[in-house]
Amino acid sequence: MARVYNFSAGPAVLPEEVLREAADEMLDYKGSGMSVMEMSHRSKVFDQIIKEAEADLRDLMQIPENYKVLFLQGGAHQQFAAVPMNLMKNKKAGYIVTGQWAKRAFNEAKIFGEAVELASSADKTFSYIPDCSDLPITDDMDYVYICENNTIYGTKFWELPNTKGKDLVADISSCFLSEPMDVTKYGLVYGGVQKNVGPAGVVIVIVREDLIRDDVLPGTPTILKYKTQADADSLYNTPPCYGIYICGKVFKWLKAQGGLEAMKVRNEEKAKILYDFLDQSKLFKGTVEKKDRSIMNVPFITGDKDLDAKFVKEAEAAGFVNLKGHRSVGGMRASIYNAMPKEGVEKLVAFMKKFEEENA
Ligand SMILES: *Cc1c(COP(=O)(O)O)cnc(C)c1O
């Protein structure tokens with residue numbers, strides 16, 4: 001068996017310990033005589049799995065009592081719609097457009113009301129985070145929306161926007177659990193787990209209780225109302241049971257690693273190794289404004305498309321896979337989520353050095 005270094009942006013690398021444990025429990029989960037894939041979501045055994053997962057996540061992120069945690073399906077894209085359906089009371093919201101996912105959410109919101117673009121970094125191919133200290137936020141806006149870490153372009157909001165008292169909603173899919181965050185600064189955050197937390201099929205929503213309402217936009221399907229899922233503890237219908245089980249294992253793994261403070265230190269260390277190399281390289285260069293660099297997704301280029309393609313191909317042959325940039329931007333991108341060991345980044349940099357020498 002040969003595991004590769006998987007730099008995929010998502011679905012992405014998971015901790016090997018978690019995969020091994022899941023393999024051990026595949027046929028018989030803790031004496032139940034069945035796999036978690038085969039058990040009722042109403043069973044006592046599964047009840048314990050989802051309750052423990054929530055408790056561990058609350059512990060890791062220090063989620064206050066007045067926030068609900070929902071384990072849902074439909075990915076981030078479903079939240080692009082669910083957020084305006086549930087929160088657009090005045091049918092007006094402000095969006096900061098810093099990449100493709102923010103833009104998708106912005107366009108989706110237009111279906112339901114007036115979505116206002118408060119700021120954008122489209123003028124420089126989303127290579128920076130715009131100044132958000134004094135945005136044209138009006139009193140009638142229901143919320144301000146950001147995509148906190150831009151997976152495709154490799155930028156991150158290191159400072160949250162000044163929302164002028166409005167609730168902040170954030171898509172945290174690709175920075176979920178990468179470092180501590182102050183949940184009280186947000187009205188709602190959500191993340192598809194397939195980037196940094198678990199397998200595709202689960203999206204986790206963390207929402208302040210007063211934003212969970214009955215008076216959602218007319219036409220909102222029952223299943224998309226946060227109230228439906230909150231009242232049923234995420235068990236209104238069949239949840240993505242196996243995915244939640246794996247997320248639960250990842251939460252325990254993160255706690256064993258020392259929690260989110262420890263992950264932050266490790267993630268910064270890994271990102272520094274790669275960025276330091278890029279900053280002195282004569283062949284490769286980063287594509288993002290330094291102050292806005294993500295520590296999860298690191299895009300880079302050689303400036304020559306053919307050489308980029310050659311690099312991706314040779315890297316793959318050497319066991320460094322999924323380094324091709326997003327189809328909309330080209331170049332390369334190394335996603336170095338929680339489960340990517342430091343050794344993987346060090347070896348990648350050594351490989352890049354060698355490639356640079358050979359192609360000088
Ligand atoms: C991957 C990604 C999405 C899209 O997720 P789906 O689960 O495919 O809907 C949205 N936002 C961010 C930040 C992402 O990284």
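Arg 208 sits in strand β10, which spans residues 203–208. In this predicted model, that arginine counts as buried because its relative accessibility is 16%, and the cut-off for buried is under 20%. Leaving out residues up to four places away in sequence, Arg 208 touches Asn 66, Tyr 67, Asp 167, Tyr 186 and Gly 187.

Now to the ligand. It has 13 residues around it, and the ones that come nearest are His 77, Thr 151, Asp 171, Gln 194 and Lys 195. Taken on its own, the ligand has 390 Å² of accessible area, and the protein covers 86% of that. Sorted by class, the shell is made up of 7 polar, 4 nonpolar and 2 charged residues. Helix α3, running over residues 75–87, supplies the largest share of the shell, with 4 residues.

The largest nonpolar core takes in 55 residues, and the members with the most contacts inside it are Met 61, Phe 71, Ile 96, Leu 177, Ile 204, Ile 206 and Phe 251. The element that gives the most to this core is helix α6 (residues 241–256), which puts in 9 residues. Ile 96 makes a handy example of the packing: setting aside its neighbours within four places in sequence, Ile 96 is in contact with Ala 102, Leu 118, Ala 119, Pro 130, Cys 132, Leu 135, Val 144, Tyr 145, Ile 146, Phe 157 and Pro 161.

Gly 10 and Pro 11 are joined by a cis peptide bond, with omega at about -15°. Pro 11 falls in the loop between β1 (5–6) and α1 (16–24). Two residues other than glycine have a positive phi. One of them is Lys 91, with phi near 60°; Lys 91 is in the loop between α3 and β3 (92–97). Lys 91 counts as partly exposed because its relative accessibility is 43%, which falls between the 20% and 50% cut-offs. The other is Asn 322, where phi is near 65°, in the loop that runs between β13 (320–321) and β14 (332–335). With a relative accessible area of 41%, Asn 322 is likewise partly exposed.

Glu 289 belongs to the loop between β11 (285–286) and β12 (297–301), and its relative accessible area of 36% makes Glu 289 partly exposed. Although 162 residues separate Glu 289 from Ser 127 in sequence, their C-alpha atoms are 6.2 Å apart in space. Once residues up to four places away in sequence are left out, Glu 289 touches Ser 127 and Tyr 128.

Terms used: Residues are numbered from 1 along each chain as its sequence is written. This is a predicted model: local features need pLDDT of at least 70, side-chain atom pairs count only at pLDDT 80 or more; totals for chains, interfaces and linings use all residues. Side-chain values use heavy atoms; hydrogens and water are left out. A residue is near a molecule or strand if one of its heavy atoms lies within 4 Å of it. Accessible areas come from the Shrake-Rupley method with a 1.4 Å probe; for residues, only the protein chains shown count as cover. Ala, Val, Leu, Ile, Met, Phe, Trp, Tyr, Cys and Pro count as nonpolar, Asp, Glu, Lys and Arg as charged, and the others, Gly among them, as polar. A nonpolar core is a set of buried Ala, Val, Leu, Ile, Met, Phe, Trp, Tyr and Cys residues joined through side-chain atoms within 4.5 Å. Buried means under 20% relative accessible area, exposed over 50%, partly exposed in between (1.4 Å probe, protein chains only). Contact means heavy atoms within 4.5 Å.
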